[in-house]
Amino acid sequence: MWIADLFTKTTRIRRSFFAWIISSLVFTALAVLTVLIWRQQILNQNSLLTQRTEATCVQAARRLEVFMESHLRVASIFARRWSTHETRDFSRRRFEEFASVLMKEMPAYYAVGLIPPDRSHGWIVPPDVPLYAVALDPKRAAVLDETRQFNQAVFSEPFDSAQGATTVYAALALMRGSEFLGTLLVDFRTKALIEDCFHERIRMEFQFMVQDSDQVLFSSNPKELPRAFLKAPIKARVQFPVRNRTWQLDMMPRKETAARYGWSASLPLPLLGIVLSVGLSVLVFMLLRHVAWLRMARDRQATLSRKVLLAQEEERARISRELHDELGQQLTALRLEMGWLRTHLSSQSPQGVGAYKNVVTLIEQATEELRHMCRGLRPALLDDLGLEPAVTHLFEEYQRRLDCDIEASVRIGEYDKQISATLALCTYRILQESLNNVSRHAKASKVFIRLTASRSGIIMQVVDNGCGFDINRLGAMRGWGLQGMQERAHLVDGEVEIQSTIGAGTQIIFRAPYSSREKEPLV
């Protein structure tokens, strides 16, 4: 008993461990899939942020280029108005009035100056800005020559103003026909100009830096840029022309913007995936445990059914032995006593002789009926000679009892040794129950029986031409013993297939392998 309990507990532990392994594999697979999807989502978000950064950088560079041209066009209009004055009023007062109005209307203008043709001391508004000295510096004097030669506005390279800010100036030739009146200088506040160019949304979402060659014109974060651009994973760079100069715009998303596209923004996806993974793995574990419990319940039911059949066969064998040993001996003794009584009868009357013969006949009939009952309870031929002689004798017995023709074919041959006692007994009982059904219900005139053994197992067919029945109502026909046939087939890992049509007879097919999970024989 304790061995059986230990085996049951071991089976439970093994099945629980198997369920745990499968559920763990399911969780691992789903978790890995979740991480892969999350990683792909992060890559997609980074790709979207990169595309947006590049598109914004291109648009901002184009906007800055147009912005510089528009400011330069205003300066060109001023230069043309100054040069084409009808009364040729080129006085300092008029220049300062024009320059003051221009700076008031254009906040990006830091200073406006005029350098005469001989490059002597010119006029500067406001006067405290050293624009004149900067423009006449030998390093930048080429700008004055270029604007006079080509008669177009040009920009200087960046330089640091007295206030420490980076600035650039534009030089425009003042021409009245072919007469050169001097050079107009417009000093731009690059910080105000560029900040005004980039609207609030861009400044809130991105950091940017504008350079001319290696000189930084403007930086949205001077303390961190441009060092931060070297380490930034997502950034964009656009170079664009500003007259004779080439400027460069670098742009990268701010930390807040990157966070909206980073792993933290898509964190609900893996959390949901992990929750679903845990839920599905628990569901799989519970399902496998439920299946294991159902399998254990089925095995227990099969074991209980086998024990019931085992007890039934043992009881039949016991009753058969007791009937044969007790009642059979008593009938035999009674027959001998009747023989002794016949030899010692004093009366030789015909009535006495007739009564004696009737009694002897009844005793012989009772003895024969007893033998038939014992064979039905437990066929001795099955235990002594095997399956083939037992079923052959069963055919002959039912041939005498049934009012129909039985055609039988039994081919077992060399496979007889592979047939276990349990398989032989189950086959015999299924055949016996099939013939009982034929005799009780089928009303058949002909029965065909074939029992064949092969390498894979045995197959038995019982076919009659009786009245048949409705397969759909098979569950209600418990008196036919079909459920018992199914249970016996299950004991040897076999199956019973029933085919029947009303008015067209019935066919019962039994298949079973030689090997079975049941080791204990039905005795």
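Let's start with helix H12 (residues 387-401) and helix H13 (residues 421-442), whose axes come within 10 Å and cross at roughly 10°. The axes are lines fitted to C-alpha atoms over the stretch in contact, with angles running from 0 to 180 degrees between N-to-C directions. H12 and H13 are therefore roughly parallel to each other, a label for angles under 35 degrees. From H12, Leu-387, Ala-390, Val-391, Leu-394, Phe-395 and Tyr-398 meet a set of H13 residues that includes Tyr-428, Leu-431 and Leu-435; contact means heavy atoms within 4.5 Å. Helices (H or I, at least four residues) and strands (E, at least two) are DSSP runs, numbered from the N terminus.

All of this is a predicted model, where local features need pLDDT of at least 70, side-chain atom pairs count only at pLDDT 80 or more, and totals for chains, interfaces and linings use all residues. Residues are numbered from 1 along each chain as its sequence is written, and side-chain values use heavy atoms, leaving out hydrogens and water.

Phe-218 has a relative accessible area of 7%, so it's buried (under 20%, with a 1.4 Å probe and protein chains only; exposed is over 50%, partly exposed in between). Leaving aside residues up to four places away in sequence, Phe-218 touches Lys-191, Ile-194, Glu-195, Phe-208, Met-209 and Val-210. Thr-190, 28 residues away in sequence, sits 6.7 Å from Phe-218, C-alpha to C-alpha.

Last stop: Val-282, in helix H9 (residues 268-343). Val-282 counts as partly exposed because its relative accessibility is 41%.

Definitions and conventions
Parallel < 35°, antiparallel > 145°, perpendicular 65-115°, else oblique.
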